[in-house]
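Trainee: I would like to go through this structure with you. Could we take it one topic at a time?

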Amino acid sequence: MKVTTELYHCMVAASTYIEDCCISVWIMADFDLQSTEGRLEALRRMVTIRAFDEEAGDRFADGEIPGFVHLYIGEEAVGVGACAALDPDDYIASTHRGHGHCIAKGLDPQYMMAELYGKAEGYCNGKGGSMHIADVDAGMLGANGIVGAGPPMATGAALSIDYQDRDQIAVGFLGDGAVAQGQVHEAINIAATWDLPAVFVIENNHYGEGTAVEDQHNLDNLSDTAQAYDIPGLTVDGMDITAVAEAVSEARDRARAGDGPTIVEAETYRYRGHYEGDEEPYRDDAEIERWQERDPIESFKERLIDRGELTQEEFDELQADIEAEIDAAIEFAQDAPAPEPHEAYEDMFAEMPPEIERFASAARTDGGRPGGDR
Amino acid sequence: MTAQVESELETETEELTVREAIRQAMREELERDEDVFLIGEDIGVFGGVLEVTGDLYDDFGPERIKDTPISEAGFMGAATGAAATGTRPVVELMFSDFAGVAMEQIMNQMAKMRYMFGGKAEMPVTVRTTEGGGMGAASQHSGTVHSWIAHFPGLKAVAPGTAASAKGLTKAAIRSNDPVFVFENKMIYEQKGAVPTDEDFTVPIGEAAIEREGEDVTVVATQRLVGESLQTAENMADDTSVEVIDPRSLYPLDIDTIVESVKKTGRLIVADESPLSYGTHAEIVARVQEEAFFSLDAPIQRVGTPDTHIPFSPPLEQEVLPSGDDVRDAIRRVT
C-alpha cells in the first residue's frame, strides 16, 4: 500500500517534532499561519517547493526527466499561502505550473518525483507526468495542461460540495494568462450565480507564457473582473505568504457561509522561464533581480526569525533536511520500476471495452501489434 | 442477442414514446440514487427545449434539475469536476452541435482525467444530446456528431433507435462510472414502442440488438434509420429477407453480433445519419472486413449524409438526409 500524504507528513513530523506521535493527532494538527507550528510547516513547504523544482529543473536539463516542466520557483507564497487557509479535505484544481500546489496541498515529493520520471510508483502511475500530477483523495484535482482548466474543475467540485451539503470548499488556481480564457469566465459566472463554495486564485506572475500581462489584458488589476460577477475581488502581494493566506482565509469563510466565490489575485513572479529551456527574450535579468529582492521564502524566514520562532541555524538545518529529502526523492524516482507496457491500456475506463482489452492482452513487448490489426 | 430481445419482450411492457422513455429513465434514476442530478439549459421550469425533461422539475425541484446559464463550456466543465468529486451529473447539451463550445471540457478533461491520473479519478457523468436533421433547424442545430465522440478515446457513446433502448441505455449510462454520451435523434422523440416497466431494466452498454431477423442481407442501422430500415425490410419482405441490427452502442461496439449476422447473410448495409467520410460507417466496415472478409458476397454499402451540412430549406434538407429509401436502394444494389 502506498503511504498516504497525511501519513507521510505524520512520519516526517514524527521524526522531526514529536516523539511517539499519534497519527490522528498530527492529521488534526493545523497547517495554517495561526500557530508557530503552522508557520514552520508553511516555511517547510515553501522550501520544499523550491528545492523540488530546482532539482527537477536540473534533472530535466540532464535529460533524466522526459517531456517538459514548468517550475514554480518564486511563486511559493501563493500556493502555500492559499493552502494554509484550507482544511485538508478542501479541494484545489491546479495549473500547468502545478508542482508548488501539490507540495502546498501536502503531496509527497517522492511520488511526485517518480511521476516526473514517468515511473509506476508516481502519483499517476507514470501516465500523467509533470503537467497532470493529481491526488483526488488528497483534494488535489490535478495539475492541468490546458490554460484556464482549473476554474471549471473547481466550480464542479464546489457543485458537488454544495449539492451534498458538505463542509468544504474548492480553490481553482489560474494564471494571469488564463483570465483571458472563455471557460474561466463561464466557470466563475456559474459559481457566482449559484453561490458555490469556490475561491479563484489568480497567480499573476506577469507573463502569460512569453507575453507580458499588460499586452494580454485591458485591466491593471485582474481581480477587477470580479465586478462583472458581483463578487469580491482583491489583489494582494503574492510574495507575502501572510497576505495570500489572509485573503484566501477570508474568501474561504465567505464560501463556507454560503455567500459564494471570491477572486483573489496574487501579484507574484516566476524566476524561471515559462518552461525549462525558455530563452526568455521578453524580459531582462534586471527585472528578475528586482523581484528576487522580495523573495517570498527569504522574507518569511526573516519574519519568523524576528518573531523568535526560528533561528538561522534551525533554518539551515531545515534546508539541509529538505535537500536530503529531495535527494532521497530523486533516488527513489531513479530506482523506481518503469511501468509495464501493458499498463498503457489500463485506466481508460471503469469498465474496459473490448476494443482496448484485445490490445491489453498482448502488448507490443509481448509480441502484440497495438497499432496494427486486431 | 436474439435471446435477449425475446427476454426483453417477455417482461411486462408499456407503450411509450422515445421522449417519455428517456424521461422515465431519468425519473427512475433520480429516485434510485440521490447523487444523480440533471444540469443543462432550460431543463427545469421550461422542461427542455425539446420537452424531454418535461415535468421532472415539478417532482425533483431546482436542486436536482439545475438550469444553467447558457454556458456549455462552463456547465460541461462543472459536471466534469462534480463527477470527479462524488456526484453523478446528467448533462443535457441542448443540441449536439453545441459540443463544439464545450469540446475542451469533453476531450481534455472529461475523457482524459481518469487515464492521466492513473485510474485514480472517477468520471460518472452522462451527457444527453440531440442530433439529426428533419425539422428545418438548419446547420447549427441539425448535425450528427456522434462519430467525434465515439472516435475520441475515453468516452463511451450510445445512440438509441427504439423507445426500449432509449430507456435502457439512458439508465445504463447514468449508472455507469464512465462518461457516456447518449445521442438522441430528435425526429424519433414521438416514435412509440414497448418499453419494459421493470425499474432495473437497462440495456448494457456495448450490446447490439437484432431488431429483425433475416437471411439475405444485414442492415446495421442507427437512431431514426432503425425504424425506417425495419419498415423497408417489411416492404421488401416478399422477395428479400433483411436482418436489421441496431448497434445501440457506438463505443464500445458489439461487433460480434454484426459479424455473426454478416457471416450468415454475406451482405452488409451500414445506415447512419452521420457524414459518410471518416466516421461511424467506416468503423463498422473496417471491423467487418477484419473479421468476416471471406464471408462477404458483395461490396459493403454505406447510407449516410453526403458530407454536407444540413441545409435549412426543406427540399434541400430532404435531399441530403438518408432515409429508408436509401437503405432499400442499397439493398437492391447488392441483392
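Mentor: Let us start with A:Asp87, which is partly exposed, with a relative accessible area of 34%. Please keep in mind throughout that this is a predicted model.

Trainee: Which residue forms a salt bridge with A:Asp87?

Mentor: The partner is A:Arg252, and the closest N and O atoms are 3.1 Å apart.

Trainee: And is A:Arg252 buried or exposed?

Mentor: A:Arg252 is buried, at a relative accessible area of 5%.

Trainee: Where do A:Asp87 and A:Arg252 lie in chain A?

Mentor: A:Asp87 belongs to the loop between α4 and β1 (91-93), while A:Arg252 sits in helix α9 (residues 241-256), so the pair ties together parts of chain A that are 165 residues apart in sequence.

Trainee: What does A:Phe68 touch, leaving out residues up to four places away in sequence?

Mentor: On that basis A:Phe68 touches A:Phe60, A:Ser130 and A:Met131.

Trainee: Back to charges. How many salt bridges are there over all chains?

Mentor: The count comes to 44. One of the pairs is A:Asp237 with A:Arg294, at 2.5 Å from N to O. A:Asp237 is in strand β6 (residues 233-237) and A:Arg294 in the loop between α10 and α11 (296-306) of chain A, and the two are 57 residues apart. A:Asp237 is partly exposed at 31% relative accessible area, and A:Arg294 is partly exposed at 36%.

Trainee: What about chain B?

Mentor: There, the side chains of B:Arg27 and B:Asp59 meet in a salt bridge of 2.5 Å, N to O. This pair links helix α2 (residues 18-32) with helix α3 of chain B, across 32 residues. B:Asp59 counts as partly exposed, at 48% relative accessibility.

Trainee: Are A:Tyr207 and A:Tyr269 buried or exposed?

Mentor: A:Tyr207 is buried at 9% relative accessibility, and A:Tyr269 is buried at 0%. Together with A:Tyr282 and A:Trp291, they form one aromatic cluster.

Trainee: Now the interface. How many residues of chain B are in contact with chain A?

Mentor: In chain B, 52 residues are in contact with 43 residues of chain A. The buried area is about 3,800 Å², and carbon and sulfur atoms give 59% of that area.

Trainee: How many salt bridges does the interface of chain B and chain A have?

Mentor: It has two salt bridges, and A:Arg358 with B:Glu291 is a salt bridge of 3.4 Å, N to O. The residue pairs in polar contact between the chains number 26.

Trainee: Which element of chain B gives the most to the side that touches chain A?

Mentor: That is α4(B), with nine residues. The residues on that side of chain B divide into 20 nonpolar, 16 polar and 16 charged.

Notes. Residues numbered from 1 in each chain as written. Chains lettered and ligands numbered in written order. Predicted model: local features only at pLDDT ≥ 70, side-chain atom pairs only at ≥ 80, totals over all residues. Heavy atoms only, no water. Contact = heavy atoms within 4.5 Å. Buried area = accessible area lost by both parts, 1.4 Å probe. Salt bridge = Lys/Arg side-chain N within 4 Å of Asp/Glu carboxyl O. Polar contact = N/O pair within 3.5 Å; in protein donor to acceptor, adjacent residues only side chain to side chain. Helix = DSSP H or I, 4+ residues; strand = E, 2+ residues; numbered from the N terminus. Nonpolar A, V, L, I, M, F, W, Y, C, P; charged D, E, K, R; others polar. Buried < 20%, exposed > 50% of the residue type's maximum accessible area, 1.4 Å probe, protein only. Phe/Tyr/Trp six-rings, centres within 6.5 Å; stacked < 30°, edge-to-face > 60°.
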